[in-house]
Amino acid sequence: MGFFGTLKGIIESLGYSADVDGFLVLFGLAFSRIAVAVSLSPFLGGRSASNPIKIGLAILLTLLVLPSMKQGLGQRDIGSLLFIALLLKEAAIGLTIGVLSQLIFIAIQTAGALVDTARGMDQPGLTTPQLQSNASVLAQLKFQISLVLFVTLNGHLFYLRGLAR
């Protein structure tokens, strides 16, 4: 049966036709967007999570999002130049979403650092594991509270829905 026969069986069990090329194109485009965004978002581990964990999470999220994307698979014969252009476009969208999510948390951390500087307590610095940067005590507290508040208000679900669209 071989590798492609097994892959064809898996693709058919996911609800796709036996078109392996179309599936791989769609998976590659979705994975490029999600992998870049997952590697940059601080609430999904940020820089403190190892690369295999981030890649595994990106593959899992891509497989979860893929069934909602299969109705958009209209053009099946994509040339290599068009595929590379689409891949770069999807990676740029993921980069934009990931950087914007980082900016929100960096702004909150900076606000805490400014308060610590104004009260004269900016000397002790702690390392923020999600952003791999030094932060004052209040900046670290505000950052961690904002992460908890973000997850409590289901912000991570809105983030993942934004990635899927």
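Me: How much space lies in the largest cavity?
Reply: About 40 Å³. This is a predicted model, where local features need pLDDT of at least 70, side-chain atom pairs count only at pLDDT 80 or more, and totals for chains, interfaces and linings use all residues. Residues are numbered from 1 along each chain as its sequence is written, and side-chain values use heavy atoms, leaving out hydrogens and water.

Me: What makes it a cavity?
Reply: On a 1 Å grid over the protein atoms alone, a cavity is a set of points where a 1.4 Å probe fits but cannot get out. The volume is the space filled by probe spheres set on those points, which are joined across faces, edges and corners.

Me: Which residues line the largest cavity?
Reply: Ala30, Arg33, Ile34, Val65, Met69, Glu90, Leu163 and Ala164; a lining residue has an atom within 4 Å of a point. Helix α2 gives the largest share, three residues (helices are DSSP runs of H or I, at least four residues, numbered from the N terminus).

Me: How many of the lining residues are charged?
Reply: Two, alongside six nonpolar and no polar ones. Asp, Glu, Lys and Arg count as charged; Ala, Val, Leu, Ile, Met, Phe, Trp, Tyr, Cys and Pro as nonpolar; the others, Gly among them, as polar.

Me: Why is the Arg33 and Glu90 pair called a salt bridge?
Reply: The term needs a side-chain nitrogen of Lys or Arg within 4 Å of a carboxyl oxygen of Asp or Glu. Arg33 and Glu90 come in at 2.7 Å, N to O, so the pair qualifies.

Me: What does the pair tie together?
Reply: Arg33 is in helix α2 and Glu90 in helix α4, so parts 57 residues apart in sequence are tied together.

Key. 1 Å grid on protein atoms, 1.4 Å probe; cavity = no way out; pocket = protein on both sides within 12 Å on 5 of 7 lines; lining within 4 Å. Helix = DSSP H or I, 4+ residues; strand = E, 2+ residues; numbered from the N terminus.
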